[in-house]
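This report looks at how two chains meet and at the surroundings of one residue. Please keep the sequence and structure in view while reading.

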Amino acid sequence: DQQVKQNSPSLSVQEGRISILNCDYTNSMFDYFLWYKKYPAEGPTFLISISSIKDKNEDGRFTVFLNKSAKHLSLHIVPSQPGDSAVYFCAAYGNEKLTFGTGTRLTIIP
Amino acid sequence: DAGVIQSPRHEVTEMGQEVTLRCKPISGHNSLFWYRQTMMRGLELLIYFNNNVPIDDSGMPEDRFSAKMPNASFSTLKIQPSEPRDSAVYFCASSKTGGLGQPQHFGDGTRLSIL
């Protein structure tokens, strides 16, 4: 039972354009969400998070949007840079459980 | 600052052997987490510790897996006996404050292959 889903395994975006990564969840007990970025042969790196009491959180080029009614969150990266090419994981926390999505591989095309 | 340090980076061993993975968390971090990543199941939490005490080990797949944290600067994940289906990348992570929802700092993982 995959409670956190990233339905797009991969995404290619032109450098300078906006990258939008999506994540859906099914458990309404989740109340905190995080995005991690992972380069090959390295561990995931924390990017940005959002609490369920907010619908938007911004940090530089990264913005996370949360739509609680749709149980959907998205990560926007603008403008996209070559160094953003990586696998992005969303994670959801609630009721003392942390669940990761399966990841989306983002490729930024120069 | 040194990040989370895992050893070994790669381990290849034969089925039935004991495997020990090691982790040194970031100094001052109170929580430590062990994860397993596979193609089929993605990133799964196996167990986590707060202040060296195991809090939730419900993700440990079976009794062949055990984890210890004898002090604040060291943890081990042991598999005995190992099986081919244990082949995966194992990550250790730490965080400054307790709780699964806090941002975690990951090590670079141990790639384990059981033949």
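The sections below describe a predicted model, beginning with the contact between the chains.

## The contact between chain A and chain B

Chain A gives 15 residues to the contact, and chain B gives 15 residues. Together the two chains bury about 1,300 Å², with 60% of this area on carbon and sulfur atoms. On the chain A side, Pro44(A), Leu98(A) and Phe100(A) supply 32% of the area buried against chain B, more than any other three residues.

## Polar pairs and salt bridge

Between chain A and chain B there are six residue pairs in polar contact, counting pairs with both residues at pLDDT 80 or more. There is also one salt bridge between the chains. Lys97(A) and Asp56(B) form a salt bridge, and their closest N and O atoms are 3.2 Å apart.

## The side of chain A that touches chain B

Three strands of chain A, β4 (32-38), β9 (86-94) and β10 (97-100), each supply at least two residues of the side that touches chain B. The largest share, four residues, comes from β4(A). Sorted by class, this side of chain A has ten nonpolar, one polar and four charged residues.

Met60(B) lies in the loop between β6 (53-56) and β7 (65-71) of chain B. Is Met60(B) buried or exposed? Its relative accessibility is 14%, and buried means under 20%, so Met60(B) counts as buried.

Beyond its neighbours within four places in sequence, Met60(B) is in contact with Leu46(B), Ile47(B), Phe65(B), Ser66(B), Ala67(B) and Leu77(B). Leu46(B) is 14 residues from Met60(B) along the chain, yet their C-alpha atoms are separated by 4.7 Å.

Terms used:
Residues are numbered from 1 along each chain as its sequence is written. Chains are lettered from A and ligands numbered from 1 in the order in which they are written. This is a predicted model: local features need pLDDT of at least 70, side-chain atom pairs count only at pLDDT 80 or more; totals for chains, interfaces and linings use all residues. Side-chain values use heavy atoms; hydrogens and water are left out. Contact means heavy atoms within 4.5 Å. Buried area is the accessible area (1.4 Å probe) that two parts lose on being put together, summed over both. A salt bridge is a side-chain nitrogen of Lys or Arg within 4 Å of a carboxyl oxygen of Asp or Glu. A polar contact is a pair of N or O atoms within 3.5 Å; within protein, one must be able to donate a hydrogen and the other to accept it, and residues adjacent in sequence count only if both atoms are side-chain atoms. Ala, Val, Leu, Ile, Met, Phe, Trp, Tyr, Cys and Pro count as nonpolar, Asp, Glu, Lys and Arg as charged, and the others, Gly among them, as polar. Buried means under 20% relative accessible area, exposed over 50%, partly exposed in between (1.4 Å probe, protein chains only).
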